[in-house]
Each structure stands twice: as structure tokens, then as C-alpha cells.
Amino acid sequence: MTLRSRIIGIGSFLPAHISTNDDMAKIVDTSDEWIVERTGIRVRHFADENMSSSVMAVKAAEQALNSAGLTGDDLDLIVLGTVTPDKTFPATAAYVQAGLGMKHGCAFDVVAACSGFLYALKTADNMLRLGQAKTALVVGVETLSKITDFKDRNTCVLFGDGAGCVILKAEEAAGTSADRGVLDTLIYSDGSYAPELCSTGGPSTNHDVGYITMNGREVFRHAAVNMAEVSAEILQKNGVSLDEVDWLVPHQANIRILEATAKRLGIPMEKVISTVDLHANTSAASIPLALAEGVKNGKIKEGQLLLLPGMGAGFTWGASLIRL
Ligand code: COA
């Protein structure tokens, strides 16, 4: 017997304001045709001035708690992935803890950009497996619109805002791949690629929040390779064949990256959850948002095996294998 982190609740939140590709074409020299053809993105959601990351995270968390029949006070751990915190400090997770009325346990952030949810999931899963917590909220949330340079057509059409989360509960299980819960998560990084995708600012460099800057082609080149390789590795490590995977729920950056990852891995696109057309790239929020969407539209069902690969700034990358 072993301890497993089972997903007992899923939540998501998208701000009401939707910006279409035609809206973006009014701001920069671009077109709906170019954006759809090169990225698959059709719309993205933008938070308004007063909506911070913690506000969106609390809304997603309330939905997840509700679906699990719990309140904030039932949680003893919050791990939150974001690169768009409410403030430089304290952690955005602290505001979420307060917003949920949770007075005990601990709450902290992890920074791994588009791999943020996977890093947060691995951290929470490890703590639950070690008996250091019993019920965890794992959140990916971003207000990327607040660090987007809306004069730069190379980046501004690609990103959106949103929050997604899961509630994990530690439960005894047999310790096989038939168990429900997080079966395994692998995470990696290579900091030598940091300049390829980063913010132009930061408190200890120039006292500024900065804007997203990116070498799109270099990121693209690594994304599909890294996501496919780590996916293959986690399957092999856990003695699971690709055929057993019901759904690939990847980080949603660009439909062409999703297609290239699926092709390299050898999984048909019919088994890939894609929300990039509706959400654009929401960094740490994209995987849990895609998971929530897949469950909501009835594709992803209880007991199914899910493979969640991601890749982001750092570079960071990883994959999680989960039986829902
Ligand atoms: N509208 C119109 N033209 C645009 C444009 C836009 N929004 N953005 C860039 N272009 C132009 C470029 O200026 C370039 O013009 P040039 O050849 O005259 O210099 C041309 O389109 C082609 O650019 P290129 O970089 O070859 O396009 P691409 O097919 O590689 O697609 C990305 C660009 C950014 C969509 C793609 O590289 C990508 O998705 N990268 C990964 C980005 C990502 O998701 N990062 C987040 C972390 S995972």
C-alpha cells in the first residue's frame, strides 16, 4: 500500500472580457488569418484593471472546493504556480489562503512559467505522499495581459488570462498504475535558455515588472521535442503504454506545438485536449484550464488515464501521469 494524491475537485475561471483576433488587429499590424494559421488562437480572455491573479485563483478554487464538497478550512496546503503574482511579495498563495478563509497549514508559490502547474502539482503530491499534508489546493493562474507589451505583435497575440486548479486528497492505494490519483510527475529545467523567454524586468535587476520577451522560433523548436520526450519517459518509467493513455492534456501554447508533440509521441490528435483556440497561452493556468474544459465538455471521465506535458520559460518542462 502507498499514499496517492487523488483529484477530488477541479475548478476554473476565465475573466469575462474576450478579445478576438480582429480586436488585436486594431492594436498591432496583424490579422485573424495570420494568428489562426500560425497559432490556432481565435480568442483570449483579459482580466480588467481590478482583477488580480489571486482574485481569479480564489474564484477557481471556490468552484473546485464546491465540486469536492469542501470549504477552504478543509485545506492544509496551497501550492500556486504563477509568473504574474499580485505583488512581488507576499506569495499570491497567501492572498488565496486569506480569500478562502483558511487559517492553518501553509500556502506558497512556485515560479516555473508555463510548467508552473506541473511544478506545483509535483510539490503538493510529494508533500501528500510524505504525510506532510492531507488536502491540497494546486493552482495555476496568470494575468499575462498585465506583463504583455501591446505594441509587440510577436508576443501580444499569443497570451491570455485565467485560472485553473485541482484539489488533491491523500488516500491509501495499491501502488499500481491502476490507482486513481497522481501516478507520477517528472520536472526538468535548463537555465541556460533563460534569455530565450523571459520578462524584461524584475525587482533586483531594474525595479520594474517588465514585459514578456521571447525568441519564438527557439521556444517552438524545444517545446515539441521536450514535451514528447518527457511524455515518453514518464510512460516508460511507470510501465504504461501509449495506448493506455486516454487523453493528452498538454500546455496550450500553439496548435502547431500540440500537433508536433502528438506526432513525435505517436498519439492521434483525437486524443489531445486542445483549448488554445479559446484561451490562447495562459502559462501556468493552461493545463488545469484544459483539464477543467475536458471534464466539463464530457470528454474526460473518471478513471481515465491522463498525460499532462508542459514546457515554459527557464526553460522548464515536465509531465504528469494521472488517473482521474
Ligand atoms: N501578425 C503578423 N505577423 C507576425 C506576427 C503577428 N502577430 N507576429 C510575428 N509576425 C511576423 C514576423 O515579424 C515575421 O516576419 P518577417 O519574416 O518579416 O520577419 C513573420 O511573421 C514570421 O515569423 P516567424 O517567427 O517565422 O513565425 P512562426 O511561424 O515561427 O510563428 C510564433 C511565430 C511566435 C507563433 C511561434 O514561433 C511560436 O508559437 N513560438 C512559441 C511561442 C510560445 O508559445 N511561447 C510561450 C511559451 S511555451
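Modeller: Before we begin, a definition: strands are DSSP runs of at least two residues, numbered from the N terminus. Please also keep in mind that this is a predicted model.

Colleague: Understood. Which strand gives the most to the lining of the largest pocket?

Modeller: That is E9, which contributes three residues to the lining of the largest pocket, the most of any element. The elements that supply two or more residues to this lining are strand E5 (106-110) and strand E9 (197-199).

Colleague: How many residues line the largest pocket, and which lie nearest its centre?

Modeller: The lining has 38 residues, and those nearest the centre are Val83, Thr84, Pro85, Ile147 and Ser199. The space in this pocket comes to about 870 Å³.

Colleague: How many of the lining residues are nonpolar, polar and charged?

Modeller: The lining of the largest pocket has 20 nonpolar, 13 polar and five charged residues.

Colleague: Let us turn to the helices. At what angle do the axes of H3 and H4 cross?

Modeller: The axes of H3 (residues 53-68) and H4 (residues 92-99) cross at roughly 45° and come within 9 Å. Angles of 65 to 115 degrees count as roughly perpendicular and those under 35 degrees as roughly parallel, and H3 and H4 are therefore oblique to each other.

Colleague: Is the crossing left-handed or right-handed?

Modeller: H3 passes H4 in a right-handed crossing.

Colleague: Which residues make that contact?

Modeller: H3 provides Ser53, Ser54, Ala57 and Val58, while H4 provides Thr92, Tyr95, Val96 and Gly99. The residues of this contact comprise four nonpolar, four polar and no charged.

Note on methods:
Residues numbered from 1 in each chain as written. Predicted model: local features only at pLDDT ≥ 70, side-chain atom pairs only at ≥ 80, totals over all residues. Heavy atoms only, no water. Axes fitted to C-alpha atoms, helices over the stretch in contact; angles between N-to-C directions. Helix = DSSP H or I, 4+ residues; strand = E, 2+ residues; numbered from the N terminus. Parallel < 35°, antiparallel > 145°, perpendicular 65-115°, else oblique. Left-handed = near helix turned anticlockwise from the far one by under 90°. Contact = heavy atoms within 4.5 Å. Nonpolar A, V, L, I, M, F, W, Y, C, P; charged D, E, K, R; others polar. 1 Å grid on protein atoms, 1.4 Å probe; cavity = no way out; pocket = protein on both sides within 12 Å on 5 of 7 lines; lining within 4 Å. Points joined across faces, edges and corners; volume = space filled by probe spheres on them.
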